[in-house]
Structures are given as C-alpha cells and as structure tokens.
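Please read the following note beside the sequence and the model. The points are numbered so that each can be checked in turn.

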Amino acid sequence: MAGIHEVAKRAGVSTATVSRVLSNKAPVAPATRKKVLAAVERLGYAPNAWGKNLRMQRTRKLLVTVPDISRPMFSLILQGIEDSANREGYAVLLGDTHYDLGREEQYADMLQQKEADGLIFLGRKLSNRVAAIVKKHRDKIAPVVNVLGFRPQLGIPSVQIDNAAAGAEAMDHLHRLGHRSFGIVTGPDLSFVSAERLAGALAWAKKQRLDRHVTVVSGDFSVDSGVVGGERLLGRKDPPTAIFCLNDEMAMGVLHTARRHKLRVPEDVSVVGVDDIRYARYFDPPLTTVAQPMRDMGVHAVRVLIDILRDEHKPPESVRLPHTLVVRASTGPPSRW
C-alpha cells in the first residue's frame, strides 16, 4: 500500500501538506487540495489510524458497564450504544459488574490506565476510583457519562427521562380511570431513579389529597420483589384497586400474584409499570407502562461522551429525553371502591 511520501511525490507537495489536507486542521489552497485528493485516490492511500491513535493517545474504545446484563431493559440501551459508537469509529468494551464493588473498581482501572477513552455506566452508583478520576480532572470534564439516572454530583453528565414526571403521569392515568386507592412498589433504597419516580407519584397524590390512600412497599426492580410486593398489597384486608410498579419486571411479579389471588386484571386491580421492555406487550394482560426511549438513551450517551473527548473543557451536558405513557389492557376502571 502506498505511503504518505508517495502521495506527496505524486501531488508535488510536501508530506506536511498531505497531512493538512487529510486532517482538515489547516487551510490549503483549493487547487493543492484537489491534487492531493486525486493522488490519494489514485494510489489508494489510507492513513495509518493506529499511528494517529498513538499520537493522540486514543484507543478508539469505549468502556460500558452494566450492573446486571440479564435485565431486559439494558439490551436496547446497549444496542443504541453499540450502533452509535460503531458509526463514530469506536469499539465497545462491555463489563457486567453484577453489583460487585470489586468488579466496578477493576473496570475503573481500565479507564485510569487508558485502556479505553471513556466510560458509560448504566446504574445508580459511581465507583470510588471513577469518582477519583473525575475529581482529578478538576478544570476539565472527565470522559464519564451515566445512563438512566444518577444523582447530580461531580459534574457528570447523564441521559435520562424526567422520572418524577413519569411517576406523576402513571398515577394520574389511574386516577382518571376512577381509582382512589393505590399501591406503589418501589425500587432499591439507593436508586436515584426509584426515588425520583416515587417522589413524583407521592407529590401528585398529595396535590390530589389522596396521599392517605397510597400504600408504599419496597422492591428491588426484580420480578421476585414484585411478587412479594404484590402479596403485601393484595393480601391486605382492603387491597388497593391500582398498583404502580416503578419498573416493568416488578409489574410482571404483581400480575403473577394477582393471578394467584384469583383477581381479575384490570377489573379487580389495575397495574402500571415503567420501561416498556420488549415483553411488556406480551404480558397477560398486556402491560400499561411508561416507555423510556432506551435505544435513544444509548445513542445520546455516546454523543455526549464523544463531545467530551473532542473538547474536554466544554460544560457537561445532561440530556433529558421524553417518556410516553403506553396504555394497554392491564389498566381499566375499578369494579369496586
């Protein structure tokens, strides 16, 4: 394959001029540019990307960590990340931390040792070593981006929906159907996303003067915790007529419990989730849910991260994407009150 010296010789210019033309970082006379590009095409010259990466100290790799890759919602986000990164010429390194602090720190070491140019983390927690990397940058923005929801700190940009508004909208939907008695199944105590959705739901209930008619039970975003939460709510002497679960997997668990109690959905109890995972429409009955644009979240996360890599002095940009209430057969007017 021809090298830059052959291109320069054929075009009758210096190698520095060839570099300026190909990098677009300095003005070059149109006629000279045309000669260089003609020589490049004629000789089939391809710049040495590896050498360029070494000079820029770039790996062209992005590190992505997830707390539990088995959860359905993460797959669509990862698709968006992979597709967007590929278009930008980056490879993706995927790490499943299993909520394990040791693993989280190992992946942070990869960023510290420059085995990847940046980090996108899906989850609620910033590992200690990543926090140290962020603090170390001081007057610059660290190449770290969160997806789904992260308590604002250290200037880390995030990509998420308005979780408080999503919680309020789910409750309002149930209220408009005629429900006046509500149950809520939350996510983990440390989850910023869960806290925001719960705050939005409770603020709505207080505004409607229905806060006394809301029963909150704890979950952890898993199907099993939805089963347990459903039992705690539906096993009551006076169970709620509507249950808002702060994700779809817990809603699936509540639906399972409702069937065990021989309750009809939505006649005896309406159920709403959040996420609109790919299985939501195939639940029995199909699940009403607040849809997050999960693939778009991945796309935007890559864009924000690459913007930081191009200009680490820019103010961090957080992105708030729109959510959508998707009404299906799991909600309807109550048969009792």
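1. Strand β1 (residues 61-66) is joined to β2 by six bridges, and the two strands run parallel. Within this pairing, Leu 62 stands opposite Val 92 in β2. Two strands are taken to pair if DSSP finds at least two bridges between them, while helices (H or I, at least four residues) and strands (E, at least two) are DSSP runs numbered from the N terminus.

2. A word on the basis of these points: this is a predicted model, in which local features need pLDDT of at least 70 and side-chain atom pairs count only at pLDDT 80 or more, whereas totals for chains, interfaces and linings use all residues. Residues are numbered from 1 along each chain as its sequence is written, and side-chain values use heavy atoms, with hydrogens and water left out.

3. The pair β1 and β2 belongs to an open sheet of six strands, in the order β2-β1-β3-β4-β5-β11, with parallel pairing. The edges are held by β2 (91-96) and β11 (319-321), each of which has a single partner strand, so one side of each is left without a neighbour in the sheet. From one strand to the next the twist averages 20°.

4. Helix α12 (residues 294-310) packs on this sheet and touches β1, β3 (118-122), β4 (144-147), β5 (158-161) and β11, where contact means heavy atoms within 4.5 Å. The direction of α12 makes about 165° with that of β4; axes are lines fitted to C-alpha atoms, for helices over the stretch in contact, and angles run from 0 to 180 degrees between N-to-C directions.

5. A second open sheet also deserves attention: six strands form it in the order β7-β6-β8-β9-β10-β12, and its pairing is mixed. Its edge strands are β7 (214-217) and β12 (324-326), each pairing on one side only, and neighbouring strands are turned by 20° against each other on average, direction ignored. Strand β6 (residues 182-185) and strand β8 (residues 242-245) pair in the parallel sense over four bridges, with Val 185 opposite Cys 245 in β8. Helix α11 packs on this sheet, touching β6, β8, β9 (270-275) and β10 (288-291), and its direction makes about 155° with that of β9.

6. How do α10 and α11 lie to each other, roughly parallel or oblique? The axes of helix α10 (residues 223-234) and helix α11 (residues 248-260) come within 7 Å and cross at roughly 50°, and the two helices are therefore oblique to each other; angles under 35 degrees count as roughly parallel, over 145 as roughly antiparallel, 65 to 115 as roughly perpendicular and the rest as oblique. The residues that make the contact include Gly 226 and Gly 230 of α10 and Gly 253 and Ala 258 of α11.

7. Glu 249 is found in helix α11 and is buried, with a relative accessible area of 11%, where buried means under 20% relative accessible area, exposed over 50% and partly exposed in between (1.4 Å probe, protein chains only). Leaving aside its neighbours within four places in sequence, Glu 249 is in contact with Arg 71, Pro 72, Phe 221, Ser 222, Val 223 and Ile 277.

8. Finally, the axes of helix α2 (residues 15-23) and helix α3 (residues 30-43) come within 10 Å and cross at roughly 90°, and α2 and α3 are therefore roughly perpendicular to each other. Among the residues making this contact are Val 18 and Leu 22 of α2 and Val 36 and Leu 37 of α3.
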